[in-house]
Amino acid sequence: MRKIAIIGAGPSGLFAAGQLAAQSELDLGVDVFDRLPTPFGLLRYGVAPDHESVKAVAKTLAAAFDSPRVRFFGLVEIGKQLLPSDLLRCYDAVIYAYGAERDRQLGIPGEAELAGSRSAREFVAWYSGHPDAAAQDLSNVRHAVVVGVGNVAVDVARILLKDPAELSETDMPESVLAELRATHVEDVWLVGRRGPQDAAFTTVELRELLTLSGVAVDLHGADLAALDPGALDRKAKGNVEAMAAALAQPQPEAGRRLHLLFHHRPVAITGAGRVEAVEFESGVDGSRFEVPAELVLRSIGYYGVPLPGVPFSDGRILHLEGRVLDDDLSARPGEYAVGWIKRGPTGLIGANKKDAAETVASVLADLATAPVRQLDDAEELLAERGIRPSGLDDWRRIDAAEIDRGTLRGRERTKIEAWHELLDLVFAEREAAGPAPSSR
Ligand code: NAP
């Protein structure tokens with residue numbers, strides 16, 4: 001039997017696991033590693049809680065674990081507890097599927113040092129109940145600036161502007177809902193350095209933001225009427241039409257306000273110890289103006305991190321059809337990549353299916369002819385290093401606890417966000433049951 005390790009139980013890793021499990025060309029076993037005890041990666045901790053239809057993809061992804069060929073090893077951090085070189089001794093193929101965990105920086109004064117300036121990634125992690133996320137104190141926030149005009153920017157702006165009563169149906173942790181209910185947000189600025197026609201967000205997501213109840217919309221720095229519709233591609237045309245339609249609507253008198261600001265880039269975040277204002281410069285005439293703000297979320301893209309010994313360039317792993325390439329562009333035997341760490345931080349969850357198919361095809365083609373190697377045993381290696389992985393039963397216990405917690409509040413699920421509670425659910429039960437992870 002051929003053995004395959006997948007690093008990361010997010011959408012790309014689980015699409016790959018599902019496809020490997022479903023094929024009939026090779027007899028193989030797939031071990032999926034994740035540093036968290038919960039699978040689904042960015043689907044669980046990145047897709048906005050109020051996008052329930054996207055979240056439903058979890059069912060498709062979880063189906064990979066229905067196969068006896070697939071095992072889950074949670075609470076194992078590759079790169080720290082085990083190195084890729086360790087896994088290459090235990091597996092015929094290793095697939096890197098660990099996404100893009102960092103964010104890009106603006107590189108402007110005030111960004112790094114002022115309280116209240118942070119990345120959208122951190123904010124998303126918080127409202128998604130990621131156990132590593134720092135709590136966010138929004139009690140003093142009346143004005144927020146979101147830099148960037150992609151779909152992540154739209155998500156964070158929507159969560160800040162939406163009536164919290166509408167969010168109470170979601171799986172957000174109770175602590176997050178309580179914080180959002182207590183906010184006094186009045187103005188949210190969504191800022192693009194180029195024009196409305198160049199925005200990265202997609203029209204469905206934009207329209208959802210523009211039609212939030214009780215939220216007025218303003219446009220600054222751009223004149224939609226001056227744009228030539230014939231010169232716009234489909235997405236740009238849809239976005240511009242959605243903005244024009246929102247601006248033509250009667251605006252609610254009181255309540256929250258969304259400001260769309262284009263052709264401006266932030267040049268400084270100012271304040272004494274914490275954010276008080278953001279200074280913007282026009283890309284058209286160089287003029288500057290200031291917006292008061294207590295919160296600045298930079299939403300200018302995610303960025304991958306390297307793993308020790310794995311070739312890396314500009315935030316991702318170099319590859320050809322999913323085969324990891326060395327610096328001299330030769331393929332590294334047995335190493336593959338999939339998802340954001342392969343193609344960069346773009347694309348919707350579904351894009352990972354096709355992406356996984358490409359990588360899986362390369363893995364299967366190579367394994368069909370690769371010489372059989374004497375492999376070390378991964379479980380023995382984990383035990384030698386004193387690593388106690390969590391398994392599928394542990395995840396199911398967390399899943400059931402979250403569903404129970406939601407039922408108490410009349411919701412489908414309420415996320416458990418505290419590490420100690422997740423670990424209690426994993427280990428309390430296993431102390432009694434013994435150490436064995438799920439076995440094939
Ligand atoms: P993104 O779509 O690449 O957008 C990044 C934004 O940041 C762009 O507007 C970009 O502007 C701007 N930007 C980059 N560097 C900047 C700088 N130095 N100063 C000012 N602005 C800067 O990235 P994302 O929003 O992180 O989304 C990642 C992927 O996830 C996308 O494919 C997105 O569609 C997907 N996603 C989808 C949803 C959904 O609901 N469907 C939700 C979240 C994410 P320029 O164009 O000028 O570079």
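**Strands and helices**

I started with a residue pair: E281 has R288 in β13 as its bridge partner. I kept in mind that this is a predicted model.

Next I checked how the strands pair up. Strand β12 (residues 277-282) and β13 are antiparallel partners, joined over 5 bridges. I then looked at the whole sheet, which is open and has 3 strands in the order β11-β12-β13, with antiparallel pairing. From one strand to the next, I found an average twist of 30 degrees.

Then I moved on to a helix pair. To describe two packed helices, I need the angle between their axes and the distance between the axes. For α10 (residues 203-210) and α11 (residues 234-248), the angle is about 10 degrees and the axes are 9 Å apart. Angles under 35 degrees count as roughly parallel, and therefore α10 and α11 are roughly parallel to each other.

Which residues in α10 and α11 meet? I noted T203, L206, R207 and L210 on the α10 side, and K235, G238, N239, A242, M243 and A246 on the α11 side. By type, the contact has 5 nonpolar, 3 polar and 2 charged residues.

Last stop was helix α15 (residues 392-408). Its 17 residues should span 24 Å at 1.5 Å a residue, and the end C-alpha atoms are 24 Å apart, so the two agree. Among the buried residues of α15 I listed W395, R397, I398 and E402. After α15 comes G410, with a positive phi near 75 degrees.

Terms used:
Residues are numbered from 1 along each chain as its sequence is written. This is a predicted model: local features need pLDDT of at least 70, side-chain atom pairs count only at pLDDT 80 or more; totals for chains, interfaces and linings use all residues. Side-chain values use heavy atoms; hydrogens and water are left out. Axes are lines fitted to C-alpha atoms, for helices over the stretch in contact, and angles run from 0 to 180 degrees between N-to-C directions. Helices (H or I, at least four residues) and strands (E, at least two) are DSSP runs, numbered from the N terminus. Angles under 35 degrees count as roughly parallel, over 145 as roughly antiparallel, 65 to 115 as roughly perpendicular and the rest as oblique. Contact means heavy atoms within 4.5 Å. Ala, Val, Leu, Ile, Met, Phe, Trp, Tyr, Cys and Pro count as nonpolar, Asp, Glu, Lys and Arg as charged, and the others, Gly among them, as polar. The expected span of a helix is 1.5 Å times one less than its number of residues. Buried means under 20% relative accessible area, exposed over 50%, partly exposed in between (1.4 Å probe, protein chains only). Two strands pair if DSSP finds at least two bridges between them.
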